[in-house]
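I opened this notebook to keep a record of what I looked up, going from the whole chain to its parts. The entries follow the structure shown here.

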Amino acid sequence: MAPMTGKQHNIFRSLDWWTVAIYVALLAFGWVSVCGAGYTYGDTDILSLSTRSGMQIVWIATSLFLGLVILLLDDRFYDTFAYVIYALLLLLLFLTIFNPHQIKGSRSWLVFGPLRLQPAEFAKFATALAAAKLMGSYGFEIRRWKHFAMACTIILLPMLFIVAQRETGSALVYIAFFLMFYREGMPGSILFTGIAMIVYFVVGIKYEDTLLLHTPTSVGVSVVMLLIQVFTAAMVGIYCRDRRLMWYLLGATAGLTLAAWLFSAYVIPFDTVPLQFAVSIAVIVILLLRWLRTRITTYALISLFTIGSIAFFHSADYVLNKVLEPHQRVRINVLLGLEDDLNGAGYNVHQSEIAIGSGGLRGKGFLNGTQTKLKFVPEQDTDFIFCTVGEEEGFLGSATVLVLFLLLILRLIRLAERQPMSFGRIYGYGVLSIFLFHVFINVGMVLGLTPVIGIPLPFFSYGGSSLWGFTLLLFIFLRIDAGRNLTRMR
């Protein structure tokens with residue numbers, strides 16, 4: 001092997017070794033978890049390549065080698081060829097749609113003999129690079145709608161191709177990039193709109209069939225209509241600074257709704273939703289008239305928020321019952337508590353909760369988990385691997401893993417904030433957004449707090465594609481950061 005050059009030596013001197021240490025610790029915890037999840041009573045060699053624990057060592061070793069290669073490349077390579085890398089991964093995603101291999105109904109895997117690769121895992125770092133290249137270019141301003149639409153296009157294209165592969169869970173991960181958009185100046189109203197849509201969906205669907213005190217009024221629909229009106233009034237006060245109109249709208253809408261509820265409950269029962277809909281239309285008209293009179297565009301935008309909220313909510317039921325696949329619909333119903341289905345869609349979550357709960361404070365010990373050893377938990381070494389941590393390592397082990405992920409996120413924030421170039425900062429926030437989304441959703445679905453969408457836990461779930469993909473994400477950013485330090489040292 002050729003001796004290490006002075007520049008390469010400086011790279012390792014300027015490398016953020018704290019982040020590398022957290023990465024190695026997560027790999028070690030991950031391998032122990034794969035051992036526990038894949039172990040069967042009577043196995044004598046957990047290091048054999050015929051076992052998943054043995055193969056995971058191969059994936060870890062190749063990931064470390066991949067990280068080394070990334071560090072040895074010039075950091076300017078990733079900036080220069082960001083669009084090329086993105087285009088190549090988009091082409092690969094598109095071609096994957098037509099591959100003949102289906103695994104669990106998904107066409108997202110490329111099969112080369114014993115090797116299986118999932119291009120969606122590698123498209124994450126390519127998308128983060130392309131977004132950083134665009135948003136870091138001279139003159140880019142995310143508050144300009146044209147520029148914002150260009151950035152959204154970079155995110156949405158891989159999502160569309162992945163959905164076409166029937167891999168909805170992996171596609172949803174790309175929503176995490178909107179957290180990076182927010183850090184780079186995306187209006188908070190857009191992020192709030194997304195959160196509001198989730199609230200509308202959960203409240204509306206969960207309580208749609210619940211009636212208000214034996215009246216024809218649906219609690220879910222009525223409450224959502226009230227929320228839309230309250231959110232609209234609050235936005236008028238915050239973004240238009242029109243406190244007088246805000247209090248007028250809050251008083252009128254809340255007062256009319258409360259009066260309608262009381263009249264319907266104690267005088268003449270009737271459905272209050274049509275009245276609330278009429279009130280919402282009146283609010284929209286008031287905002288549009290205020291826009292025409294003052295020429296302040298914000299009033300028109302808030303009216304569009306109100307219109308969009310009403311349209312979204314009334315289309316949510318159609319999407320749930322007519323667009324989503326039956327298994328996806330059942331998973332949402334189970335999550336919202338509308339169905340139990342412990343022998344069907346709710347089985348995985350129910351068994352994972354039993355496994356985690358049985359671990360207690362200190363766990364049952366390495367290779368001693370009964371729920372996982374007896375294979376009660378499906379996908380226990382991939383999507384549901386965190387239940388193995390809870391059963392064998394207990395609350396203390398689970399908390400340690402979550403603390404390690406928290407330290408990784410906090411470290412990435414610090415590294416991103418110290419970048420002198422916007423390209424490095426934007427890419428760094430893209431990386432930490434992806435990690436945050438994966439950890440939050442994966443741990444949440446194992447605990448029954450988020451929908452089961454089938455995404456891996458970084459550095460824990462078995463397999464080469466996810467491990468390589470997360471390694472690429474992390475080490476490209478570490479190389480960019482090391483380049484920053486080298487520039488300063490010069």
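At roughly what angle do the axes of helix H2 and helix H18 cross? I noted first that the model is predicted, and then I looked up the pair: the axes of H2 (residues 17-38) and H18 (residues 386-417) come within 10 Å and cross at roughly 155 degrees. Angles over 145 degrees count as roughly antiparallel, so H2 is roughly antiparallel to H18. I also wrote down that H2 passes H18 in a left-handed crossing.

Next I listed who makes this contact: on the H2 side I found, among them, Trp-18, Ile-22, Phe-29 and Gly-36, and on the H18 side residues including Glu-392, Val-401, Phe-405 and Arg-411. Sorted by class, the contact of H2 with H18 has 14 nonpolar, 5 polar and 3 charged residues.

Then I turned to the whole protein chain, where I counted 20 helices and 2 strands, and where 48% of the 490 residues count as buried. Among contacts between residues at least 6 apart in sequence, 70% join residues at least 24 apart.

My last entry is on the nonpolar cores. The largest has 102 residues, and Phe-181 is one of those that touch the most other members, as are Phe-125 and Tyr-427. Helix H19 (residues 422-446) gives the most to this core, with 14 residues. Leaving aside residues up to four places away in sequence, I found that Phe-181 touches Met-135, Ile-142, Phe-148, Ala-151, Cys-152, Ile-155 and Met-186. A second, separate core has 24 residues, including Met-197 and Phe-313.

Notes
Residues are numbered from 1 along each chain as its sequence is written. This is a predicted model: local features need pLDDT of at least 70, side-chain atom pairs count only at pLDDT 80 or more; totals for chains, interfaces and linings use all residues. Side-chain values use heavy atoms; hydrogens and water are left out. Axes are lines fitted to C-alpha atoms, for helices over the stretch in contact, and angles run from 0 to 180 degrees between N-to-C directions. Helices (H or I, at least four residues) and strands (E, at least two) are DSSP runs, numbered from the N terminus. Angles under 35 degrees count as roughly parallel, over 145 as roughly antiparallel, 65 to 115 as roughly perpendicular and the rest as oblique. A crossing is left-handed if the near helix is turned anticlockwise from the far one by less than a right angle, and right-handed if clockwise. Contact means heavy atoms within 4.5 Å. Ala, Val, Leu, Ile, Met, Phe, Trp, Tyr, Cys and Pro count as nonpolar, Asp, Glu, Lys and Arg as charged, and the others, Gly among them, as polar. A nonpolar core is a set of buried Ala, Val, Leu, Ile, Met, Phe, Trp, Tyr and Cys residues joined through side-chain atoms within 4.5 Å. Buried means under 20% relative accessible area, exposed over 50%, partly exposed in between (1.4 Å probe, protein chains only).
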